[in-house]
Amino acid sequence: MQRRGGLLCSARASRVYWLSSAAILFAFVLPGLAAPAPDRFETSVKPFLHEHCVMCHNAKLSSGGLNLDRFLSQTAAAALSDREHWEMVVQKLKAGEMPPKGMPRPPADQITTVTDWVQTEYARLDQAAKPEPGRVTAHRLNRAEYNNTIRDLLHVNLRVADDFPVDPYGYGFDNIGDVLSLSPVLTEEYLKAAERVARAAIPTGQPQKLIVARYLAERMGQANRLHVQVVHEFPVDGEYTLRAAWFQGYLPGFKMKGRLFLDGKQVLEKDITIYTEMDRGFEAPDLQISQGPHKVEASIEIDPAWKKEKPYVEYIQIHGPTKQTPPELTAPYQQIFACGHAPGHHNPSCARKILEPLAHRAFRRPVTAKELDDLLSLVKMAQKRGDSFETGIRVALEAILMSPNFLFRIERNPPGTEAHHITDTELASRLSYFLWSSMPDDELLKLAEQNRLHDPSVLHKQVARMLADSKSEALVENFGGQWLKIRNLESLTPDPVKFPDFDDELRDDMLTETQMFFSDIIKEDRSVLDFLDGRYTYVNERLAKFYGIEGVTGPEFRRVELNGAERSGVITQASVLTVSSYPTRTSPVIRGKWILETILNTPPPPPPPDVPALNEEAIGVSVSFRQELEKHRTNPLCASCHSRMDPLGFGLENYDAIGRWRTTDGKFPIDASGALPNGKTFNGPAELKAILKSDGHGFVRSLTENLLTYALGRGLEPYDRPAVESIVRSVEQNGDRFSQLVDSIVASVPFQMRSGAATPGGD
Amino acid sequence: MKHLPRRTFLRGIGTAIALPLLDSMVPAFASKVQADSPCRLMFMYAPTGMMPNAWYPQTTGTDFEFPRIMKPLEKFRKDVLVLSGLGDKNGYALGDGSGDHARAAASYLTGTHPHKTEGADIRCNISADQFAAAELGKKTRFASLELTCEDSRQAGACDSYSCAYQSISWKSPTQPLPPEINPRLLFERLFGDLDLSGTPSQRANQAAYRKSILDLAYQDTQRLQGKLDATDKRKLDEYLTSIREIETRIAKAENDQQQVPVGLEKPAGIPPVFADHAHLMLDLLTIAFQTDMTRVSTFMLAREGGLRTYGEIGVPEAHHSISHHRRNPELIEKVTKIQCYHLEQFAYFVEKLKSTPDGDGSLLDHSVLVYGASMGDPNIHDHGKCPTLLAGNGKGGVKTGRHLRYDTQTPICNLYLSLLDIAGVPTEKFGDASAKLEIA
């Protein structure tokens, strides 16, 4: 508990500082370090602090939460125990942000003496320290993991976890073991979900009733549109008919094209000529559709020259199942009933044959005899009560889904308190939940149980296979969505008066672009620096028009090349620009903060207590936004952070609050120039990105820290520094390839090992 | 007695429930009618502060004029008690730096300064509603219902704290309760979502299976725990206590023989317009109170410091952004509009309870509803002035129809002490309370 308390302080004061400064520290690690130099602390460092720092950073003022005064009365060893603050000192000195503008500048060699001393001393301490891999707390599946695991375990894609309470976030992600808690409401949802999933996987034999579901566009907030979409939950595998109808007064001779899509794929394209008022619909009959939610879309395309009243999609109708797939032919049945018999034809030995592999896969490890017996007794119990064998299996399946061995990823404690390698089966789960947000597949589990997975060449091949698998989309969706904060796109409402072009379709397009861009970096194994300035992206016609890119027609996304002037990399994608804006206007502060957090992982400290964040919304229209913002930076208290944030945001002022390119804001021309605290200047987004890219190291480190946090499901701690450092180094030595980043994380000490329990076996 | 057939409607999106509920309809989906109606307790939380000028009545006593925000409650003057001078000092930084909005939510009902963390080691304290629920919940199917109209999902931290601190209800110092946002899911919790078309013996079988499944999950969890360290054990403890709790709930539900009333339709989902959403949730809560499925509830109208926009009342800006109005009259007007809109939902609920008969009076007579915020002027995060009003006299425990003014920064927990008394769960200590408030 001691250890945890300590971590907390560091996490709370600034996860930021040690991480950002580690870059500087470790670039400096040299073999065969010189003997300790405590005397330099007395002769150089203390005088420097005395002269340049303590007039603000003293006990009384404690500017920026930093009191350096106390070091003056301490020995070197005592002073060094406060690593967090020393690293902040190094970072600020190196970045040229301290002493602040207006104060006398110390000579460069004096600064170097101080920073060298700090770095050397900590490098020495680190070399002497034992590697510490840390411990990942028992981790309950989060919503995405639950959904994917059910999908892969049973081929049931109901997405039941969408109904679970929202998972709490910590360290920027919603897969942090420490933070994921469990409430009675969630447990109740688990029980409900287990029953729903088990009934879907093992139907009771009752034929599904035929259902006609009609979704009125108007009721779904999609009135008067040419394109309408709905997510419908199909009750069973079977054949269904999709139908859409348009609405318009009598338009004899009017021609248009009707289209229907299922899960984004076109299933019908039909040329339509209206002859009578009765011509109102088009349908795609008898489509084979699997159980679970699917997206259905309908659109009509009309001659753009038509100026009179236009028809629009009035409703989507789903009719079925007109033919239900026999249970034994559905994927879940075949997955579960491993004995190969049709319903009603099982023999007593089947129960074991079915439940052993099922529980084995669900628990992601071999099942114990006791566990299997417990499940078998549930089957017997059901049969004793007069229910069928299939119902018995269903009850056992429900029990599997309620088992803590399914709901939690738990790593065992070997005896002793030493750091140790996790087992191969534990490694398989870490790997699959990292790359797929799901359970290990059979190949991975098999390798693990043969104890071959930890072999570096086997591991490397598995990582490559897993990244190539479409399930790695989960990494894009869950890691990418949270790292880039584009998950928030879903809940944002840009002002419809100021941004009438923003609608749900454009929102989806923005998200799709960034996701496909990210996927491309994984699939093509590109340099991670492409996140900053990749000269290509993915657009469809709608998004291309929004961006002013010509020659793209149709709703499908395709790759286009970019010259980098207006767009390149994630920072200038509309998704990111929108989530870092207010609903009514842009915010250079939020955008600057977004870059500091996401691209550099050096978030500014929160504003001081009781000083409200700068209120950009309050700014009038009489002066330019920029002038107003610059005014507040004359206040030194604000300036120390805003001089880092605001210029970065100004560099993106060429994009409005939904990411559209602009050269004026109202009556004021856009000024997208800026100067960073380190003296570098730029004009416009392309030059800003060039500066960020020139510090590629900072970005690689930031991405490493973020991805390692996500991979481990815990916040990073000071003892993770050497691991971060070695991952960054290997990525940089291998052309900044994405696969190298993943490989190095998987090979790292914190991913492969676990610290011993402070108290083995319990409290 | 044969129950009346009824036509009650819970139509789809955007439609409130018309509930001509008569006493004799109740037993079909409730536990026994209480000869002596219980007292219900509900806290509705108004996020992101309140403009003092539009909130506080000028005068105290009985004849005060209802200020702009409270105006919709004027017609219930006799049922309302306005309290000025209460404060939530634990919302202040107290050395913890920024994060006033996160602290506002977490400290409001706990009277405790939340431990600042983004991740590991979340810690606050049991909240007043949960303190009551621990006792009152023994008699009802749901110990309490936590509701909201805005999801706390947002990538990143929530105001420099873990997003878990967005909860106002805390079951224990380490267990914040996530609120329900979806009317469909609330409906399913209240009325069950299982196919009730089966025969009684099929239903009995299913009940027996559930019991065995939960027993097995409990035993497996216990067995696992023996091999784990303290931190992992604590995580699994949450599962153990949750299993026990829902076992009890299921047992109670079975005794209730509850059924979905004929014609009561499941809501389709979350209505896009705020007021429609709030009405639907409050309609369901009314049923839950009326049928004694629960006696305790919290309702968070929206996220504290949240970014919801309210285009339908002419406020397309994000709530939090304009709440820092910097005395700009245009922004003050807009943020006040949101605050009026929020209170209208409370007034809707008051009206609903007042028109619902319960025992010898109305449901409102047998309830205490608290409407309040953890901040006054949001521009300065003024935790020292918590706007607070009560509706319903709690079976005579509250003397309504007045405006009382206390000394500045009287702990709001003093009020909770009095409310816990009225609810029949007396305690001498709660949060930072110094003494009971005299509200009778």
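This is a predicted model: local features need pLDDT of at least 70, side-chain atom pairs count only at pLDDT 80 or more; totals for chains, interfaces and linings use all residues.

Me: How many residues of chain A are in contact with chain B?
Reply: Happy to start there. A contact here takes C-beta atoms within 7 Å. By that test, chain B brings 69 residues to the contact, and the count for chain A is 71 residues.

Me: Which helices of chain B each supply at least two residues of the side that touches chain A?
Reply: By class, that side of chain B has 17 charged, 24 polar and 28 nonpolar residues. The helices that each supply at least two of its residues are helix 4 (200-225), helix 5 (230-256) and helix 7 (319-323).

Me: How far apart are the end C-alpha atoms of helix 25 of chain A, and what span should its residues give?
Reply: Helix 25 covers residues 696-712 of chain A, 17 residues in total. The expected span is 1.5 Å times one less than the number of residues. That gives 24 Å for helix 25 of chain A, in agreement with the distance between its end C-alpha atoms, 24 Å.

Me: Is helix 25 of chain A largely enclosed or largely open, and which residue follows it?
Reply: Of its 17 residues, 14 are buried, so helix 25 of chain A is largely enclosed by the rest of the structure. The residue after helix 25 of chain A has a positive phi, near 70°, and is A:Gly713.

Me: Which residue in the turn between strand 5 and strand 6 of chain A has a positive phi?
Reply: Strand 5 (residues 255-262) and strand 6 (residues 265-273) of chain A run antiparallel and are joined by 8 bridges. Within this pair, A:Met256 stands opposite A:Ile272. The two strands form a hairpin with 2 residues between them, and the turn residue with a positive phi, about 50°, is A:Asp263.

Me: What is the bridge partner of A:Arg259 in strand 8 of chain A?
Reply: Strand 5 of chain A also pairs with strand 8 (residues 292-302) of chain A, antiparallel and over 7 bridges. In strand 8 of chain A, the partner of A:Arg259 is A:Ser299.

Methods
Residues are numbered from 1 along each chain as its sequence is written. Chains are lettered from A and ligands numbered from 1 in the order in which they are written. Two residues are in contact if their C-beta atoms, placed from the backbone, lie within 7 Å. Helices (H or I, at least four residues) and strands (E, at least two) are DSSP runs, numbered from the N terminus. Ala, Val, Leu, Ile, Met, Phe, Trp, Tyr, Cys and Pro count as nonpolar, Asp, Glu, Lys and Arg as charged, and the others, Gly among them, as polar. A residue is buried if 20 or more other C-beta atoms lie within 10 Å of its own, exposed if 12 or fewer, and partly exposed in between; C-beta atoms are placed from the backbone. Two strands pair if DSSP finds at least two bridges between them.
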